[in-house]
Amino acid sequence: MAETQKLVIMVTHGPDEPELASIPFIMAGGALASDVEVVMGFQADACLLMKKGVAETVAAAGYTVLGELLPTIQELGGKLLVCSPCCQRRGLTEADLVDGAEIVAAGRFVAEITSATNTLTY
Amino acid sequence: MSTVLTDADVAVLSVAKVVDARGTGCPGPLLEAKKAMSGVAVGDVIELWSSDPQTKADVAAWSGKVGHAFLGSVAAQGYDRVLIRRAK
């Protein structure tokens, strides 16, 4: 029996870059469908994607609206980690974020990345 | 990588569940297949409908990765019928 594989996906682009903000969610969906554990890390403007109500507004032409993918990613067990200083800079608290999103600092990101099978950065 | 089936091939399969993922783009059809698999028994066949022409190749790769049996696909009117047997 193969060990569970784990993919960490670091996202740095926000609503102003809808295509680069969307692709990480597509990869997360593909990985979760393939029984790969997924941790998504949101840094810089990508933090804004985790703000309540924002994912529903991010729609790059030809891509699924983020607001449709996000619940499925959570339903399949994808973890959503949001960079603490990035949130502070933007005035975001955990209460502003979608349910299930967790604000974390560098140590947690490093722990997730170093225990992953692979990491993707967008 | 994709296996082309005929309507006659599909007719002899006993399909346990039909999943209509037409109109959804990547990774929608794959996620629908994943969800549907958990609702059928090992050995059952699901039939996934997708209007995304990449789905049949994607499902073939996905089946190999997760351990299901990709049976192939048959073209319908503006979409593909993709057949997968739950194998685990």
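## Exercise 1: Two helices in chain A

Ala21(A), Ser22(A), Phe25(A), Ala28(A), Gly29(A) and Leu32(A), all from helix 1 of chain A, meet Leu66(A), Leu69(A), Thr72(A) and Ile73(A) of helix 2 of chain A. Keep in mind that this is a predicted model.

**Task.** Sort the residues in this helix contact by class, then describe how the two helices pack.

**Solution.** 
- Step 1: Sort by class. The contact of helix 1 with helix 2 of chain A has 7 nonpolar residues, 3 polar ones and no charged ones.
- Step 2: Get the geometry. Helix 1 spans residues 18–33 and helix 2 spans residues 66–75, and they pack at an angle of about 35 degrees with their axes 10 Å apart.
- Step 3: Helix 1 of chain A passes helix 2 of chain A in a left-handed crossing.

## Exercise 2: Chain A as a whole

**Task.** Work out the order of elements in chain A, and check its radius of gyration against that of a compact globule.

**Solution.** 
- Step 1: Count. Chain A has 4 helices and 5 strands.
- Step 2: Going from the N terminus, you read β-α-β-α-β-α-β-α-β.
- Step 3: Compare. A compact globule of 122 residues would have a radius of gyration near 14 Å, and chain A has 13 Å, so the two agree.
- Step 4: Look at the dimensions. Along the principal axes, the C-alpha atoms of chain A fill a box of roughly 45 × 35 × 20 Å.
- Step 5: Check burial and contacts. In chain A, 39% of the 122 residues count as buried. Of the contacts in chain A with a separation of 6 or more, 74% come from residues 24 or more positions apart.

## Exercise 3: The core and the chain contact

**Task.** Find which residues of the largest nonpolar core touch the most other members, then see what chain A brings to its contact with chain B.

**Solution.** 
- Step 1: Pick out the core residues. The largest nonpolar core has 51 residues, and those touching the most other members are Met40(A), Phe42(A), Cys47(A), Leu49(A), Val82(A) and Ile84(B). Helix 1 of chain A gives the most to this core, with 6 residues.
- Step 2: Zoom in on Cys47(A). Skipping residues up to four places away in sequence, Cys47(A) touches Phe42(A), Val82(A), Cys83(A), Cys86(A), Cys87(A), Arg90(A) and Leu92(A).
- Step 3: Turn to the chain contact. Here 10 residues of chain A are in contact with 11 residues of chain B. Helix 1 of chain A supplies the largest share of chain A's side, 4 residues.
- Step 4: Sort that side by class. It has 3 nonpolar, 6 polar and 1 charged residues.

## Exercise 4: Glu32 in chain B

**Task.** Is Glu32(B) buried or exposed?

**Solution.** 
- Step 1: Locate the residue. Glu32(B) lies in helix 2 of chain B, residues 28–37.
- Step 2: Apply the cut-off. Glu32(B) has 21 other C-beta atoms within 10 Å, and a residue is buried at 20 or more, so Glu32(B) is buried.
- Step 3: List the contacts. Beyond neighbours within four places in sequence, Glu32(B) is in contact with Val19(B), Ala21(B) and Leu48(B).
- Step 4: Chain B has 3 helices and 4 strands, running α-β-α-β-α-β-β from the N terminus. Buried residues make up 34% of its 88 residues.

Note on methods
Residues numbered from 1 in each chain as written. Chains lettered and ligands numbered in written order. Predicted model: local features only at pLDDT ≥ 70, side-chain atom pairs only at ≥ 80, totals over all residues. Axes fitted to C-alpha atoms, helices over the stretch in contact; angles between N-to-C directions. Left-handed = near helix turned anticlockwise from the far one by under 90°. Contact = placed C-beta atoms within 7 Å. Nonpolar A, V, L, I, M, F, W, Y, C, P; charged D, E, K, R; others polar. Rg over C-alpha atoms; globule rule 2.2 N^0.38 Å. Buried ≥ 20, exposed ≤ 12 C-beta atoms within 10 Å, placed from the backbone. Core = buried A, V, L, I, M, F, W, Y, C linked by C-beta atoms within 7 Å.
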